[in-house]
Every structure is written in C-alpha cells, then in structure tokens.
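Q: Please take a close look at one part of this predicted model. Keep it brisk, and explain the terms as you go.

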Amino acid sequence: MIIRILGEGQYDVADHALDRLNELDATLEAAVEASDDAAFSTALASLLDGVRTAGVAHPADSLDESDLILPPSDATIDEVRQMLNEDGLIPG
Amino acid sequence: MSLMKRISLIFRSKANKALDRAEDPRETLDYSYQRQLDLLSKVRRGVADVATSRKRVELQVTQLEQSAAKLQAQAEKSLQMNREDLAREALTRKSALASQITDLKTQHAQLLGEEEKLTLAQQRLQAKVESFRTRKETIKATYTAAEAQTRINEAMSGIGEEMGDVGLAIQRAEDKTAQMQARAGAIDELIASGALDDASAINQGDDITRELEAMSSQADVEAELARLKGISAPQAPEAIEAAPDAGEILADEPEKQESVSDASKDGQA
C-alpha cells in the first residue's frame with residue numbers, strides 16, 4: 001500500500017503495519033473531533049512516525065497514485081479540519 | 001470512515017478535478033505536461049524566495065550579534081573604569097537584543113526547514129515530470145484510441161496527486177515566509193532607525209559611548225603622558241628606533257640581546 005505524507009512524499013507500507021496505523025489514525029480522529037490541540041499534535045506525530053518507520057520511500061519517478069494521503073507534519077488542527085472540507089486547504 | 005481515508009478521498013477528488021481534459025487525449029497529455037513545467041518553475045521560485053528570506057534573517061542576526069558584542073565590550077570597559085551604572089545600562093540593552101536574536105534564530109531554523117522541504121518537493125516533482133514526459137511520448141507513439149484513455153488516466157492521476165501536494169507545499173511556504181517577512185521588515189526598520197544599535201554605534205552620540213569615550217580619552221591622555229615620560233628617560237638609541245613604544249622597548253630588550261647572541265653563536269657554528 002502506498003501512503004503519501006503531504007510535503008514529504010510517498011511511502012510503501014506493508015499491509016501488516018496497517019492495524020497499528022489505523023489505531024493511530026483513530027486516536028488522531030478523536031483528537032480532531034474533541035478539538036484537543038495537544039492530543040492532536042501527539043497523535044499526528046505518532047501516525048506520521050509510524051508511516052515513516054513501517055514504510056520505505058516509494059520511487060520518486062513513479063506515477064502511482066497513493067492509497068492513503070496524510071496531512072503534513074506541521075499541520076494544525078484547523079488545517080486538518082479544512083482538509084476534511086471540500087472547499088478547504090488543498091489547492092484545486 | 002477513518003480520517004486518513006476521508007482526507008485521501010477529498011484530496012484525490014480535488015486533484016482530479018484540477019486536471020483539464022481536452023477532446024483529443026493526446027492534447028490533454030501535452031497540456032498537463034505544460035502545467036507540470038509551470039509548477040516546477042513555481043517551486044524553484046519558491047525555493048529562491050525562502051532562501052532570500054533566510055539570508056535576510058541571517059544578516060539581521062549578524063547585525064544584532066555585533067551590536068550585542070559591542071555592548072558587552074562597553075560593559076567590560078565601564079566596569080574597568082568603576083562605572084557600574086554604565087555597565088548595567090549596557091548589559092540591560094544587550095539582554096533586550098538577546099531576546100530578538102533568539103527569536104530570529106527560531107525563524108531562521110523554520111525558514112531553513114521550509115527551504116529543505118521545498119527543495120525535496122522540487123526534486124520529487126522533477127523526477128515525476130520526467131517520468132510523465134517519457135510515458136507521454138510512449139503513449140503518443142503507440143496511440144490507439146481504445147487503450148489510450150486508460151493509460152492517460154493512470155499517468156495523469158499519479159502526477160495530479162504530486163502536483164496537488166507540491167501546490168500545497170508552495171502555498172504553506174509562502175504563507176510562512178510572508179509572516180516572517182513582515183517581522184523581518186519590522187526589525188530592519190528598527191535597525192535603520194537606530195533604535196537597536198544606537199547604544200553601541202561608535203560616534204553616534206549614545207550616552208554610554210559618549211561617557212566611555214570621554215573617560216577613555218582622559219585615560220588615553222594619561223597613558224600617552226606616561227609613555228612620553230618613559231621615553232624621555234635614558235634609553236639605548238637603536239632600541240628606540242626599532243620599537244614604537246616604551247613598554248615594548250623594555251620587554252623586547254632582553255629578547256633582542258638573546259637573539260643577537262643566538263645569531264652570533266650560529267655564526268660561530
């Protein structure tokens with residue numbers, strides 16, 4: 001599975017690592033819903049670290065689409081909220 | 001649905017919407033390639049802009065550090081002259097500069113981080129654009145309408161996602177740089193107005209410098225007098241010609257004799 005961290009590039013992540021990443025993802029989602037800034041920062045850092053640790057860099061010259069796309073490491077909780085909004089942050 | 005999946009879906013649908021489709025799929029390829037090249041030059045400009053801001057902050061840090069060093073020297077000189085009040089004033093101003101310097105160094109680290117990120121984004125996009133160009137030429141060379149659309153869609157969606165990512169990175173870097181430029185502009189104005197380095201600028205009439213200069217010119221006069229008195233005392237004439245000042249003459253004298261005797265020993269050997 002290919003996971004992109006925005007601003008960093010794509011990683012190939014083995015399927016068996018996904019359970020752990022899904023747990024981290026759920027924590028992050030809960031932090032966004034609870035508007036808990038501190039929990040959000042910790043959860044985002046853990047999720048991105050999880051991807052970087054479990055994954056290897058996908059070749060830069062491939063034209064493959066990612067299966068999952070994650071926010072940049074310095075994203076704020078508000079930016080992530082905007083990303084979840086159709087009219088949000090991502091330039092169209 | 002998980003957060004990752006929601007973000008992915010929205011990101012992808014936006015990236016795909018941004019791709020323009022022409023009547024002839026081959027035109028779509030060329031048009032997309034042109035937009036990729038445009039984006040590449042935009043990233044390069046972005047890297048250059050961030051580097052310019054970073055260098056400006058570096059220059060400001062250097063200026064403020066020089067001011068702080070001057071204030072430190074003033075404080076030391078003031079203490080030597082038993083003027084604790086002046087030393088305290090100089091150190092107070094220095095500590096105000098120190099917090100500005102710390103702030104600027106944080107900004108500098110952030111700008112450096114943005115610059116590295118954008119440089120890497122540029123390299124990734126460059127690699128993908130190059131792949132896209134190769135794939136585009138292959139598709140056009142072996143073009144059959146039936147299979148073209150699928151292969152074009154594959155190539156386009158991969159590059160579209162990268163373009164969306166790079167576009168976002170540029171936008172974020174621009175936002176951050178703009179904020180920092182506003183602050184850097186404010187510091188430039190402060191430096192230009194003299195508010196920050198007046199205290200340490202030489203001959204610009206700040207109070208610490210004036211007082212120190214007044215005291216040191218007195219001290220210099222005394223030192224010069226003492227020197228003249230020393231010189232007027234009987235000395236070996238050749239030593240006066242060789243050395244410019246009395247203290248050195250006295251210190252140099254024994255060495256000179258040694259070196260002469262060394263030389264004469266060498267001569268004998």
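The part I want is chain A. What pattern does chain A follow, read along the sequence?

A: Chain A reads β-β-α-α-β-β-α along its sequence. That comes to three helices and four strands. Helices (H or I, at least four residues) and strands (E, at least two) are DSSP runs, numbered from the N terminus.

First, the ground rules. Residues are numbered from 1 along each chain as its sequence is written, while chains are lettered from A and ligands numbered from 1 in the order in which they are written. The model is predicted, so local features need pLDDT of at least 70 and side-chain atom pairs count only at pLDDT 80 or more, whereas totals for chains, interfaces and linings use all residues.

Start with the sheet. Four strands of chain A form an open sheet in the order S3-S2-S1-S4, with mixed pairing. Strands pair if DSSP finds at least two bridges between them. Strand S3 (55-57) and S4 of chain A stand at the edges; each has a single partner strand, so one side of each is left without a neighbour in the sheet. On average, neighbouring strands are turned by 30° against each other, direction ignored. The axes behind that angle are lines fitted to C-alpha atoms, for helices over the stretch in contact; angles run from 0 to 180 degrees between N-to-C directions.

Now zoom in on one pair. Strand S1 (residues 2-5) of chain A and S4(A) run in the parallel sense, joined over three bridges.

Next, the interior. Buried residues make up 37% of the 92 residues in chain A. Buried means 20 or more other C-beta atoms within 10 Å of the residue's own; exposed means 12 or fewer; partly exposed lies in between, with C-beta atoms placed from the backbone. The largest nonpolar core has 61 residues, and A:Leu28, A:Leu47, A:Val51 and A:Leu70 touch the most other members. Such a core is a set of buried Ala, Val, Leu, Ile, Met, Phe, Trp, Tyr and Cys residues joined through C-beta atoms within 7 Å.

Take A:Leu47. Not counting residues up to four places away in sequence, A:Leu47 touches A:Leu21, A:Leu24, A:Asp25, A:Leu28 and A:Leu70. Contact means C-beta atoms, placed from the backbone, within 7 Å. Across chain A, residues 24 or more positions apart account for 62% of the contacts with a separation of 6 or more.

One loop residue deserves a look. A:Ser35 sits in the loop between H1 and helix H2 (37-54) of chain A. A:Ser35 is not a glycine, yet has a positive phi of about 50°. A:Ser35 is exposed because 11 other C-beta atoms lie within 10 Å.

Finally, the side that meets chain B. The contact takes 28 residues from chain A and 34 residues from chain B. Helix H1 (18-33) and strand S4 (68-70) of chain A each supply at least two residues of the chain A side. H1(A) gives the largest share, six residues. By class, the chain A side has 15 nonpolar, six polar and seven charged residues. Here Ala, Val, Leu, Ile, Met, Phe, Trp, Tyr, Cys and Pro count as nonpolar, Asp, Glu, Lys and Arg as charged, and the others, Gly among them, as polar.

Key
Two residues are in contact if their C-beta atoms, placed from the backbone, lie within 7 Å.
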